[in-house]
Amino acid sequence: MSTAAVGMVTASQAMQAFTRRSGPANALAGDAEAIAAACHAMARRFHRGGRLVVFGCGGSGGSSSDAAHVVVEFVHPVIVGKKALPAFALTGPNLAAQLALLAEPADIALGISAGGADAELTEAMRVARRAGLLTVALLGGDGDVGAVAGEGIAAHTLVVHSRDPLVVKEVQVTTYHVLWELVHVFAEQPGALA
């Protein structure tokens, strides 16, 4: 294959890779108002002494790794001058039991799943909601938000609409970085949290 042909194939594949990502990313960006509302609610909870309790669900374990990543962002901000905010991740089985034992009503529950709202995430979010936590769900997949959004279990549900798990994970990483950034924007506006 000639160098020009290789370049065309590679360019075509690169374009396809970006196209697979742009639709779900743009759709989620279209939910900017919902993302801002979630960030404002989170900032208010932090302002009142709440902590961020993050957990990932799904069979691959990748969402649990994302939960740990979110915690690092909040407790160790990489931008100089940004305030560290209290956060911890729950891992392993029995997330609902862990939430019931460790979380407090002033806290924020952030559940992450690359797929739809699976049974484990739904049950953990139910426990968090009953305990008075602010509930935020970051979901992906075919948009099956199930009971999490349908029954109002999550006060804020953000969905990456893609069946490609790699695309979902990439857009979710961007989304939780935006959550971190906007929580700080609200925290830096004294009147916004009253």
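## Salt bridges, buried residues and a pocket

K82 and E188 join their side chains in a salt bridge, 2.7 Å from N to O, where a salt bridge means a side-chain nitrogen of Lys or Arg within 4 Å of a carboxyl oxygen of Asp or Glu. K82 sits in the loop between α3 (62-75) and β2 and E188 in the segment after α7, so this pair ties together parts that are 106 residues apart in sequence. K82 is partly exposed at 26% relative accessibility, and E188 is partly exposed too, at 43%. For these labels, buried is under 20% relative accessible area, exposed is over 50% and partly exposed is in between, using a 1.4 Å probe and protein chains only.

A word on the ground rules: this is a predicted model, with local features needing pLDDT of at least 70 and side-chain atom pairs counting only at pLDDT 80 or more, while totals for chains, interfaces and linings use all residues. Residues are numbered from 1 along each chain as its sequence is written, and side-chain values use heavy atoms, with hydrogens and water left out.

**The overall layout**

The chain has 7 helices and 5 strands; these are DSSP runs numbered from the N terminus, with helices being H or I of at least four residues and strands being E of at least two. Read from the N terminus, the order is α-α-β-α-β-α-β-α-β-α-β-α. The chain has 194 residues, and 41% of them count as buried. Take the contacts (heavy atoms within 4.5 Å) with a separation of 6 or more: 69% of those in the chain are between residues 24 or more positions apart.

**More on the charges**

Side chains of opposite charge can pair when their charged atoms come close. The whole structure holds 8 salt bridges, and here are three of them.

| Pair | Closest N to O distance |
|---|---|
| D107 and R51 | 2.7 Å |
| E123 and R126 | 4.0 Å |

D107 and R51 form a salt bridge. D107 lies in the loop between α4 and β3 and R51 in the loop between α2 and β1 (52-57), so the pair ties together parts that are 56 residues apart in sequence. D107 is buried, at 1% relative accessible area, whereas R51 is partly exposed at 22%. Salt bridges also link R51, E104 and D107 in a network.

E123 is partly exposed at 34% and R126 is partly exposed at 26%.

Setting aside residues up to four places away in sequence, R45 touches G50, P105, A106, D107, I108, G132, L133 and L134.

S113 is in strand β3 (residues 108-113) and is buried, at 2% relative accessibility. Beyond four places in sequence, the contacts of S113 are C57, S63, L121, L138, L139, G140 and Q172. C57 is buried as well, with a relative accessible area of 2%, and C39 is buried at 0%. How many disulfides are there? The count is 0, going by a pair of cysteine sulfur atoms within 2.5 Å.

V167, in helix α7, is buried with a relative accessible area of 0%. V167 and A114 are 53 residues apart in sequence, with 9.4 Å between their C-alpha atoms. Not counting residues up to four places away, V167 touches R20, R21, P24 and S162.

N94 is in the loop between β2 (87-90) and α4 (95-102). N94 is not a glycine, but has a positive phi of about 60°. N94 is exposed, at 56% relative accessible area.

**The largest pocket**

The largest pocket has about 210 Å³ of space. On a 1 Å grid over the protein atoms alone, a pocket is an open set of points where a 1.4 Å probe fits, with protein on both sides within 12 Å along at least five of seven lines, and lining residues have an atom within 4 Å of a point. Points are joined across faces, edges and corners, and the volume is the space filled by probe spheres set on them. α1 (3-29), α2 and α7 (165-187) each supply at least two lining residues. α7 gives the most, with 6. The lining includes R21, A25, E170 and L182.
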